[in-house]
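Subject: Structure handover and findings

Hello,

Here is the structure for your files. My notes follow below it.

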Amino acid sequence: MTDVVTMDKIVSLCRRRGFVFPSSEIYGGLGSSYDYGHYGVLAKNNVKARWFEAMVQEREDIVALDSAIILHPAVWEASGHVSGFSDPLVDCRTCKLRFRADHLDESHCGRRPSKKPGETPDCDLTDARHFNLMFETRVGPVEESGAKVYLRPETAQGMFINFKNVAQLARRKPPFGIAQIGKSFRNEITPGNFLFRTREFEQMEMEFFVPPAEASDWYRYWIEERRSWYLRLGLRESHLRVREHDADELSHYSSGTSDIEYLFPIGWSELEGIANRGAFDLSAHAEASGTKLEWLDSATGERYVPHVIEPAGGVDRALLAFLVDAYDEEEVAGRERTVLRLHPQIAPVKAAVLPLIGKDSAMVERARGLFEELRRAASVEYDDNAQIGRRYRRQDEIGTPFAFTIDEQTIDDDTVTIRDRDSLAQERIAIGRAREHLLDRLAAPWRSPKPE
């Protein structure tokens, strides 16, 4: 069975239900820049919370960090970003568009979109030249005399330069990790495909420092650990794969890199990368700064520069994968239903509280009371606007897994109906058990009902 989801449908749903808006829309927008609305913020925060739980809260060998966005410019010189963080670009003198020289087969001519750049006689492409992807700015009150600095293109370097602080103060020894969630910025020339590639994005990165002899084993461990995380949160196994980089794809410092890829509507694309970075990063910063970034084993007297295993994923890209995987359409009672079958732990709203008749004061009073009780335990929404069927559809489209409906029987016997988003099954429970019931359902194992 073919998925009904397309990128256009995801963009439309996100706009219609307030997940994501084009940024600066009243001024015509800014390319590949987006603002998150209420439900988008809630869902995005859930993705970050689940990652933090898995990487920090549930482990003893990883600690958290929040490093500055603007770092000393020498950091980027030592890391190689100033000299090597660039893309080869060509310009078309005819249509005035700019293209990645290594992605011409994936690009479209500005005047004839069915053709690739350079395929028509009118195309007049320049020679390829390199363009640095880092955004520049200046630190200091006067622009002309201020020091040139960069908005970070990744969060990783902030963790490498804090290795010594963490090793000394966090009472950890290799193998141990430093984890960070934060904004990064890349002046991408060909961003696009909605949230998949943007110039401003949020990363979830972890640097795991290990004895050199253990690096290969830990590399394999983190590939499977990160793959399992996506599966636990509902992505279908048939839409997830691990692709190991060929030798000619590897960075000069990497002895192994694997991408966890997801089958987006645009095809198989990277969701998260896991790299065995060796000792390159700590060695480069030690040499540039004159500070020893090594580990001394007090038991054996051995000194070594730890090797680094890096799982690095994007918050926005992960959220996009969850939305794509969750999107579904079906016919119910002769009407089309659009539903986001999100894992309850990712869903922006966990339950809706709905009085059957929005103008019935007794129902509204009981519904408001239940809402006030449930909202202390989870993200819950109250809605009494429009017919009950329309309210159900609204909640289905934002992925709310459960709905509590207050009706005439509630007034008589203190019971409430709970509706399941995926199966549409309804059961009657005592209203006094609603909070306990909801928390039990949210904690229960969940698997996507969509076919593999």
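Asp 328, Glu 330, Arg 337, Arg 341, Asp 396, Arg 419, Arg 421 and Asp 422 are joined by salt bridges into a network. A salt bridge here is a side-chain nitrogen of Lys or Arg within 4 Å of a carboxyl oxygen of Asp or Glu. Side chains of opposite charge can pair when their charged atoms come close. Across the whole structure, the search finds 40 salt bridges.

Two points on provenance. This is a predicted model, in which local features need pLDDT of at least 70 and side-chain atom pairs count only at pLDDT 80 or more, while totals for chains, interfaces and linings use all residues. Residues are numbered from 1 along each chain as its sequence is written, and side-chain values use heavy atoms, with hydrogens and water left out.

Salt bridges, pair by pair

Asp 3 and Lys 450 form a salt bridge through their side chains, at 3.9 Å from N to O. This pair links distant parts of the chain, 447 residues apart: Asp 3 sits in the segment before helix H1 (7-16), and Lys 450 in the segment after helix H13 (434-443). Helices (H or I, at least four residues) and strands (E, at least two) are DSSP runs, numbered from the N terminus. Asp 3 is partly exposed, at 27% relative accessible area. Lys 450 is buried, at 6%. The cut-offs: buried is under 20% relative accessible area, exposed is over 50%, and partly exposed is in between (1.4 Å probe, protein chains only).

Glu 200 and Lys 183 also meet in a salt bridge, at 2.7 Å from N to O. Glu 200 is in strand S10 (residues 200-210) and Lys 183 in strand S9 (residues 176-185), so the pair ties together parts 17 residues apart in sequence. Glu 200 is partly exposed at 41% relative accessibility. Lys 183 is partly exposed too, with a relative accessible area of 28%.

Arg 447 pairs with Glu 452 in a salt bridge, with the closest N and O atoms 3.8 Å apart. Arg 447 is exposed, at 67% relative accessibility. Glu 452 is partly exposed, at 45%.

Helix H10

H10 (residues 361-374) has 14 residues. Its first and last C-alpha atoms span 20 Å, close to the 20 Å expected at 1.5 Å a residue. The expected span is 1.5 Å times one less than the number of residues.

Which residues of H10 are buried? They are Met 363, Val 364, Ala 367, Leu 370, Phe 371 and Leu 374. These residues cover an arc of only 130° around the axis, so they lie on the same side of H10. The arc is that of the directions from the helix axis to the C-beta atoms. Ser 361 and Glu 365 are exposed on the other side of H10.

The buried residues of H10 pack against strands S19 (351-355), S20 (380-382), S21 (402-406) and S22 (415-420), and against helices H12 (408-413) and H13. Contact means heavy atoms within 4.5 Å.

Backbone points to check against your own view

The peptide bond from Pro 174 to Pro 175 is cis, with omega near 5°. Pro 175 lies in the loop between helix H6 (163-169) and S9.

Ser 24 is not a glycine, yet its phi is positive, near 55°. Ser 24 is in the loop between strand S1 (20-22) and strand S2 (34-36). Its relative accessibility is 36%, so Ser 24 counts as partly exposed.

Asp 414 has a positive phi as well, about 60°, and is not a glycine. Asp 414 is in the loop between H12 and S22. At 38% relative accessibility, Asp 414 is partly exposed.

Val 90

Val 90 belongs to strand S4 (residues 86-91). At 5% relative accessibility, Val 90 counts as buried. Leaving aside neighbours within four places in sequence, Val 90 is in contact with residues including Leu 97, Phe 99, Leu 104 and Thr 126.

Best regards
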